[in-house]
Amino acid sequence: MSITFTCPRCGPAPGVRTHCPSCLSARHPADGSPMTLISVALSDQGGWVLVHRCDACGRLTCAPAQPDDNRFVLVRVAVRPLASPPFPLEELGRL
């Protein structure tokens with residue numbers, strides 16, 4: 001029997017999982033509130049880790065990426081700091 005994850009944005013996603021394979025949104029483990037993907041990181045084992053923030057309470061959670069996750073969304077989130085740095089890029093030339 002397969003447990004279905006219901007994405008707050010995309011609807012049901014088959015398989016045992018903690019997040020949507022299409023948009024990578026998640027649900028809060030305690031109350032099911034929507035959680036937004038805010039970042040990705042590399043785990044100690046070399047795999048991608050998804051960092052979600054709860055839209056209701058702000059709690060952060062981490063979950064490993066799955067093989068069928070949307071790689072375009074993963075890369076888009078990973079390069080976000082490079083596309084919109086928190087400081088002027090001209091400052092790098094002065095270092």
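This report describes the fold, the nonpolar cores, a surface patch and the cysteines of a predicted model.

## Overall fold

The protein chain contains 1 helix and 6 strands. Along the sequence these elements follow the pattern β-β-β-β-β-β-α, and the helix, H1, covers residues 71-83.

Of the 95 residues in the protein chain, 31% are buried. The chain exposes about 6,400 Å², and carbon and sulfur atoms supply 60% of that area. Among contacts with a separation of 6 or more, 31% are between residues 24 or more positions apart.

## Nonpolar cores

The largest nonpolar core has 8 residues: Leu24, Leu37, Val40, Leu50, Ala65, Val73, Leu74 and Val77. Two elements, strand E4 (34-42) and H1, each give two or more residues to this core. The largest share, 3 residues, comes from H1.

Ala65 is one of the residues of this core. Leaving aside neighbours within four places in sequence, Ala65 is in contact with His19, Trp48, Val49, Leu50, Arg71 and Leu74. Another core, of 5 residues, lies apart from the largest one, and its members include Cys7, Ala13, Cys20 and Cys23.

## A nonpolar patch on the surface

Nonpolar side chains also occur on the surface: Leu42, Trp48, Val75, Val79 and Leu82 form a patch there. Together these residues have about 490 Å² of accessible area. Helix H1 gives the largest share of the patch, 3 residues.

Val75 lies in helix H1. Val75 has a relative accessible area of 44%, so it counts as partly exposed. Buried would require under 20%.

A disulfide is a covalent bond between the sulfur atoms of two cysteines. The structure holds 0 disulfides. Cys7 is in none, and the nearest cysteine sulfur, that of Cys23, is 3.5 Å away. A pair counts as a disulfide only if the sulfur atoms are within 2.5 Å.

For Cys10, the closest cysteine sulfur is also in Cys23, at 3.7 Å, which is too far for a bond. How accessible are Cys7 and Cys10? Cys7 counts as buried because its relative accessibility is 4%, whereas Cys10 is partly exposed, with a relative accessible area of 44%.

Technical notes. Residues numbered from 1 in each chain as written. Predicted model: local features only at pLDDT ≥ 70, side-chain atom pairs only at ≥ 80, totals over all residues. Heavy atoms only, no water. Patch = residues over 30% accessible without salt bridge, like charges linked within 9 Å, V, L, I, M, F, W, Y side chains within 5 Å. Areas by Shrake-Rupley, 256 points an atom, 1.4 Å probe, with all protein chains shown as cover. Salt bridge = Lys/Arg side-chain N within 4 Å of Asp/Glu carboxyl O. Helix = DSSP H or I, 4+ residues; strand = E, 2+ residues; numbered from the N terminus. Buried < 20%, exposed > 50% of the residue type's maximum accessible area, 1.4 Å probe, protein only. Core = buried A, V, L, I, M, F, W, Y, C linked by side-chain atoms within 4.5 Å. Contact = heavy atoms within 4.5 Å.
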